[in-house]
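I opened this entry to note what I looked up, contact by contact.

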Amino acid sequence: MAKKTYDLLFKLLLIGDSGVGKTCILFRFSDDAFTSTFISTIGIDFKIKTVELRGKKIKLQIWDTAGQERFHTITTSYYRGAMGIMLVYDITNEKSFENIVKWLRNIDEHANEDVEKMILGNKCDMSDKRVVNKERGEAIAREHGIRFMETSAKSNINIERAFCELAEAILDKTSGRESAENPERVVIDRKNNDKAPGYNKCCA
Amino acid sequence: MTEESNFAAQIENDRNKLSVRCQFCNCLMLKANEGSYCEQEVDVPLMQQKQDRSAEALQTEKLRHFWLIKDMMTFENIGFSHTVDGRKFLVCADCERGPVGYHELASKFCYLALGRVVHGDK
Ligand SMILES: Nc1nc2c(ncn2[C@@H]2O[C@H](COP(=O)(O)OP(=O)(O)OP(=O)(O)O)[C@@H](O)[C@H]2O)c(=O)[nH]1
Ligand SMILES: [Mg+2]
Ligand SMILES: [Zn+2]
C-alpha cells in the first residue's frame, strides 16, 4: 500500500484574461531549441511540484486554464478543490486589469469561500509598454485584502516567489486544522529530503 | 539517459534503488523506492521529432522498461501534458523536456521510462 510521503497537498489554479501569460507562468518561457515539438504542440495541463515550507513537505498541483475560458463561463465545477488562485493581469493591457474585479466576483460566486487569492501583474519586463502602474495593482489588492506581486514569466521575475507566498498563505490558513486533515501523515526523513530545484529556493 | 545494460542495476526488490531525475536538468522526479518495476511494450513518442515537415506522422519508439507509479502525487516534481487518446504524457516539471513516460487515464497509473531518465541520488 502506498504511504503518504508528504504533509499537505494544495491545488492551485491560474486564472485571468486570455493573453496575460498564464501558460507562460506555469511553463517555462522556452523558445529554446530543445523543447520537444511534440510536447509544445499538445501543451501541458498541470504540474506537480514539491516544496518545503516551515519544515512541512507540500505538494503543489498547479493547473493552467484554457485560453477560451471567460469569467462568465467558469463555474463551480471548475474551481472545485482549488485552495489557491493566481489571478493574473497583463501590465501592458488595461482591459485585463479592469477585468480583475470581474474575476474576483466570479471567484466569490463560485469558488470555495476560503480559497486563498493572489493578484499577479505579469509582463513587468515590458516597461516601455506598461499602461497599468504598480500602485494601481497594489491598491486593488489592498482593497480586497489579498496579496499582490508584479511578475515576468519571460525574465523569470517573482514567479517562484509568488507560488511560495500563495502556498504559505494557504499553509497559515490550514495549519490549525492540519492534524485533523492528515491523521495518517508519515514523518519525512529529513536526511533524504532532496532539494527540488526551483521553488524551494525562495521558501527558505 | 540510462543505458539498457544498466537497467538491472537500478532495480532493488522490484523498486527503483535510486532517485529518478531529469537527464537534462537533474530535477528530482521520483524518490528512491517509490516506483515499481514493470515490463510492457508501449509506443512512446520520441523526445526529438525529426524536423522533417513532409513527415506528418508522429515518430514513436517501442519502450519496454518502466517504473510504475500508482498515485501521481507520489512524484516530487513532474508535468502532465493534455490528453491524447486516453493518455497524458509526463515531462520534466522544470525544463519540460519529454515525454519521459505517460499517465493512463483509465487506470490513473503513471509509467516512467527507465531509458528516458537518469538514476542517482545527486
Ligand atoms: N514580455 C513578456 N511577454 C509575455 C510574458 N508572459 C507571457 N508573455 C507573452 O504573452 C503572450 C500570451 O501568453 P500566454 O501564456 O499564452 O497567455 P495565456 O494567459 O495563457 O492566454 P490564454 O491561454 O489565451 O488564456 C505570449 O505571446 C507570451 O509570449 C512576460 O512575462 N513578458
Ligand atoms: Mg494559456
Ligand atoms: Zn528537466
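I began with polar contacts across the interface of chain B and chain A, and the rule finds 15 residue pairs, both partners at pLDDT 80 or more. That threshold matters here, as this is a predicted model.

Next I asked which elements of chain B give two or more residues to the side that touches chain A. They are strand 7 (78–84) and strand 8 (87–91) of chain B. Strand 7 of chain B gives the most to that side, with six residues. I then sorted the side of chain B that touches chain A by class: 16 nonpolar, 10 polar and nine charged residues.

The rule finds five across the interface of chain B and chain A. I looked up one of them, between B:Asp94 and A:Lys49. Their closest N and O atoms are 2.3 Å apart.

Then I took the extent of the interface. I count 35 residues from chain B and 30 residues from chain A in the contact. About 2900 Å² is buried between the two chains, and carbon and sulfur atoms carry 53% of it. Which residues of chain B lose the most area to chain A? They are B:Met73, B:Asp94 and B:Glu96, together 23% of what that side buries. B:Asp94 is also the salt-bridge partner of A:Lys49.

I checked strand pairing between the chains. Strand 2 (residues 44–53) of chain A runs antiparallel to strand 7 of chain B, and four bridges join them. For A:Ile48, the bridge partner in strand 7 of chain B is B:Ile78.

I moved to a sheet within chain B. Three strands form an open sheet in the order 4-3-11, with antiparallel pairing. Strand 4 (28–30) and strand 11 (118–119) of chain B are at the edges with a single partner strand each, so one side of each has no neighbour in the sheet. Strand 3 (residues 20–21) of chain B pairs with strand 11 of chain B over two bridges. I found B:Val20 bridged to B:His119 in strand 11 of chain B.

Last, I looked at ligand 1. I listed 17 residues around it, the closest being A:Ser18, A:Gly19, A:Lys22, A:Thr23 and A:Asp125. A backbone N or O atom of A:Gly19 lies 2.8 Å from a ligand 1 oxygen atom. A polar backbone atom of A:Ala153 is 2.8 Å from an oxygen atom of ligand 1. For A:Asn122 the contact is through the side chain: an N or O atom there is 3.2 Å from a nitrogen atom of ligand 1.

Methods
Residues numbered from 1 in each chain as written. Chains lettered and ligands numbered in written order. Predicted model: local features only at pLDDT ≥ 70, side-chain atom pairs only at ≥ 80, totals over all residues. Heavy atoms only, no water. Contact = heavy atoms within 4.5 Å. Buried area = accessible area lost by both parts, 1.4 Å probe. Salt bridge = Lys/Arg side-chain N within 4 Å of Asp/Glu carboxyl O. Polar contact = N/O pair within 3.5 Å; in protein donor to acceptor, adjacent residues only side chain to side chain. Nonpolar A, V, L, I, M, F, W, Y, C, P; charged D, E, K, R; others polar. Pairing = 2+ DSSP bridges. Near = heavy atom within 4 Å.
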